Amino acid sequence: MSESIVSLIDVEKRFGSNLVVRKMSLEIQRGEFLTLLGPSGCGKTTTLRMIAGFEDATSGIIKVQGEQVEDKEPYQRDVNTVFQNYSLFPHMTVYDNVAYGLTIKKVPKEEIRRRVTEMLALVQLAGYDKRKPDALSGGQKQRVAIARALINNPKVLLLDEPLGALDLKLRKQMQIELKRLQKKLGITFVYVTHDQEEALTMSDRIAVMNAGILEQVGTPMEIYQYPKTRFVAGFIGESNLFDGTVKAVEGNLIQVETSAGLLTTCGQGFQPGEEMHVSIRPEHLEISREPAEGFALPGKIKDFTYMGTMVKTALDMADGSELKFSRFEHDSRLREGDPVYVFWRPEKSVPIKKSAT
Amino acid sequence: MSKRKSDSSTGRHRRRLPALATAGPVSVWMILFVTLPMLFIIYISFMSRGVFGDVVYTFSLNSYHTLLDSTYFKVISKSLEAALLTTVLCLALGYPFAYYIARKPPETASKLIMLIMIPFWTNSLMRLNSWLLLFQTSGPVNAFLQWTGITDHPVTFIYTDALVILGLITNMLPFAVLPLYSSIEKLENSLLEASSDLGATPGQTFLRVTLPLTFPGIFSAIILVFIPSLGIYTVSDILGGGKVLYIGNIIRNQFGSIRNWPLGAALSVLLLVITGLLIFIYTRFAKIEDMEVV
Ligand SMILES: Nc1ncnc2c1ncn2[C@@H]1O[C@H](COP(=O)(O)OP(=O)(O)OP(=O)(O)O)[C@@H](O)[C@H]1O
Ligand SMILES: [Mg+2]
C-alpha cells in the first residue's frame with residue numbers, strides 16, 4: 001500500500017457565510033499526479049491554497065508527510081506552487097527568478113549556478129537566463145514558473161491551472177512536457193484544472209469537485225466509466241442522464257421508471273421504490289423501430305450533426321428531454337422526425353445512487 | 001502585414017495631432033510663468049545691489065562670492081540636513097503607513113487617504129500657530145508631560161530645531177504617503193505569496209520583492225518631500241520663531257526686509273541647481289526602473 005504525502009481530513013473553508021469547501025477528505029499518494037477537477041468556483045484554488053498555506057482551513061486537518069501543517073506559514077512548508085498567473089518576479093532575470101528559493105536558503109553560489117543551469121535545461125530554457133520575464137512568451141514564463149518551483153525539490157508541487165493562459169497547441173505540448181517532467185522527477189503533482197480532457201489525459205487520479213464537495217476520486221477510467229454521482233456522470237464526457245424510481249429488481253437488473261419512460265440498468269444495492277439516476281454514454285445508446293424488452297422510451301429523431309468522424313443524433317423524448325446518440329457511421333435509413341425507441345445493453349449504463357444533498 | 005503597418009502609422013498620426021494642439025497653450029503658459037521668471041531670477045543674481053536696496057543693473061559676481069561665506073554655507077548645509085532628515089523620517093513613517101493603507105480594502109483605503117489629506121484643507125499658518133499653542137511652556141503637551149511625571153519642569157519645545165523638523169514632517173508626510181501608497185497598491189499580492197512559497201520569511205520578502213518593486217514610489221516620495229522641505233520657510237518661520245534659519249528664510253529676508261535681491265536671487269539659483277540635480281537623478285532612475293520593472 002502506498003503512503004499518502006498529503007492528507008486532508010474533514011477540511012472546511014468558509015469565507016464569511018460562504019462555505020466554499022465542505023468536509024473534504026482526500027489522501028494524496030507519494031509520487032502521483034492528482035488532478036482537482038471541477039467547474040469554475042467549486043473551490044479548487046481554495047483547496048490548493050490551504051495546502052500551500054495561503055489560506056487557513058476553517059476546520060479540519062491538513063497533513064504533509066504525516067505532519068500537521070495548520071500552524072506552519074507557507075515558507076515553512078515543504079510544498080511549492082506554480083501560480084495560475086505565473087507570478088514571476090518582474091524585477092529579476094529568469095536566472096534570479098529560478099535561483100530565488102536557493103538564494104533564500106543561502107545555498108553556495110556555485111551550487112546555485114549549477115542547479116539553475118540544470119533546471120533551465122530541463123525545462124528547455126537554456127540560454128534564457130538573462131532575460132526579464134517581460135521578454136518571454138506565455139509558454140516560456142510558464143516553464144520559468146515551473147523551474148522556479150521545482151528547483152527546491154519540493155515534496156509536493158501544487159499547480160493551479162498552469163496551462164490556462166496558453167493557446168490550444170502550446171497547451172497540448174506543455175501537457176506532455178509536464179507529464180514527462182513529473183514522471184522523471186517522481187514529484188507528487190497536485191494539479192488544478194477545469195478542463196476535463198486535460199485531467200483525463202494527464203492524471204493518475206482525478207478528484208472531481210462540485211460546489212465545494214468532493215464528488216469522487218478515482219483513476220480517469222474509473223471516473224469516466226463508473227461515475228458515482230449524478231454530477232460526475234454529467235461533468236465528465238458526454239452523457240445522457242435519467243432521474244427515476246426503482247420499479248423492480250431482478251438479480252442484477254434494475255427497472256427504473258423515469259419521466260421519459262421505463263428503462264433497465266444493471267447494478268447492486270438498489271431497492272424498489274428508491275430514487276436513483278441512470279447514466280448512459282451517447283455511444284452506447286441504441287435505437288430501433290420497436291420497443292426492446294425492459295425499455296419503453298419512445299422518442300423522435302430531432303436532427304443530425306456531422307462531427308468529422310462522428311455523427312451525433314439528437315432525440316426528442318416524450319417528456320421533452322433530449323438524448324444524445326452518436327455513431328461513427330450514419331445510418332441512412334434514419335430521417336429527421338422518425339419515431340424511434342431507445343434502449344441499451346443494461347450493463348453499458350451506470351446506476352447512480354441519489355445523494356443526500 | 002501591410003495592413004498592420006498602415007494601422008500603426010495612422011495610430012501615430014492620430015496621436016501627434018492632439019499632442020501639438022495641447023502642447024501649444026501649455027508651452028506658452030510655461031514660458032510666461034515659469035521660464036521667464038526663472039531667467040529673470042538668474043539674471044538678477046548676476047547684478048549688484050544699490051545703496052538703497054535697489055537692483056543696479058551692472059554685472060557682478062558679488063552675490064555668489066557672498067554665498068561662499070561661512071554663515072551662508074552653514075545655513076545651506078543646515079537646510080540640506082533638515083530636508084534630508086525630514087525626507088528620511090517621512091519615508092520611515094510614511095512607508096509602513098502607506099503599506100497598511102494599501103493592504104486595506106479599497107473603501108477603507110480611500111477613507112484613510114482622506115484622513116491624511118484633511119490637514120491640507122486647513123490653512124497652514126493657522127495649523128502651525130496652533131502648534132505653538134500646543135507646545136508652548138504652559139501648553140497642553142507640557143502639562144501632560146508633567147502630569148505623567150516624565151519631567152518635573154516645563155520643556156522648551158517652541159523655537160527649537162526639533163519642533164521645526166517635527167513641523168516639516170507633519171507638513172510633508174502626505175507627499176510621502178501618496179506616491180508610496182500608489183506604488184505599494186500596485187504590488188501584486190501573488191508575488192508576495194510566491195516569495196513566501198519559495199521559502200522567504202516576511203522580512204526577506206520585504207527586502208527582495210516589496211522594496212525593489214516599490215522603488216518608483218520611494219523615489220517620487222523623496223523628490224516630493226525633499227524639494228519642498230528645502231525651500232519652505234513658513235514652518236521654520238513660525239515654529240522656529242526667527243531663531244531657526246533655513247535657506248528659505250534667508251531668501252525671503254533678502255527679497256523682503258533686507259532688500260538684497262541679487263543675493264536672494266543667487267540663493268534661489270542655488271536651490272534651483274540642487275532641485276534640478278535631484279530631478280535629473282530621478283529621471284535617470286525612473287528610466288532604469290522603466291526598463292527593469294515594467
Ligand atoms: N478571498 C476570498 N474571499 C471570499 N470569497 C472567496 C475568496 N476566495 C475565493 N472565494 C470564493 O470561493 C469560491 C471558490 O473559489 P475558488 O477560487 O477556490 O474556485 P475555483 O474552483 O478555483 O474556480 P476557478 O476555476 O474559477 O479558478 C468562489 O465562490 C469564490 O468566490
Ligand atoms: Mg481557481
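Tutor: A residue is counted as near a molecule if its C-beta atom, placed from the backbone, lies within 6 Å of it. The model is predicted, so local features need pLDDT of at least 70 and side-chain atom pairs count only at pLDDT 80 or more, while totals for chains, interfaces and linings use all residues. Residues are numbered from 1 along each chain as its sequence is written, and chains are lettered from A and ligands numbered from 1 in the order in which they are written.

Around ligand 1 stand A:Phe15, A:Asn18, A:Val20, A:Gly38, A:Ser40, A:Gly41, A:Cys42, A:Gly43, A:Lys44, A:Thr45, A:Thr46 and A:His194. Strand S2 and helix H1 (44-52) of chain A are the elements that give two or more residues to this shell; helices (H or I, at least four residues) and strands (E, at least two) are DSSP runs, numbered from the N terminus. H1(A) provides the largest share, three residues. By class, the shell has three nonpolar, eight polar and one charged residues, where Ala, Val, Leu, Ile, Met, Phe, Trp, Tyr, Cys and Pro count as nonpolar, Asp, Glu, Lys and Arg as charged, and the others, Gly among them, as polar.

Strand S2 also belongs to an open sheet of four strands in chain A, ordered S2-S1-S4-S5 with antiparallel pairing. Because S2 (18-29) and S5 (67-68) of chain A each have a single partner strand, they stand at the edges, and one side of each is left without a neighbour in the sheet. Two strands pair if DSSP finds at least two bridges between them; eight bridges join S1 (residues 4-15) of chain A to S2(A). Within S2(A), A:Glu27 stands opposite A:Ser7.
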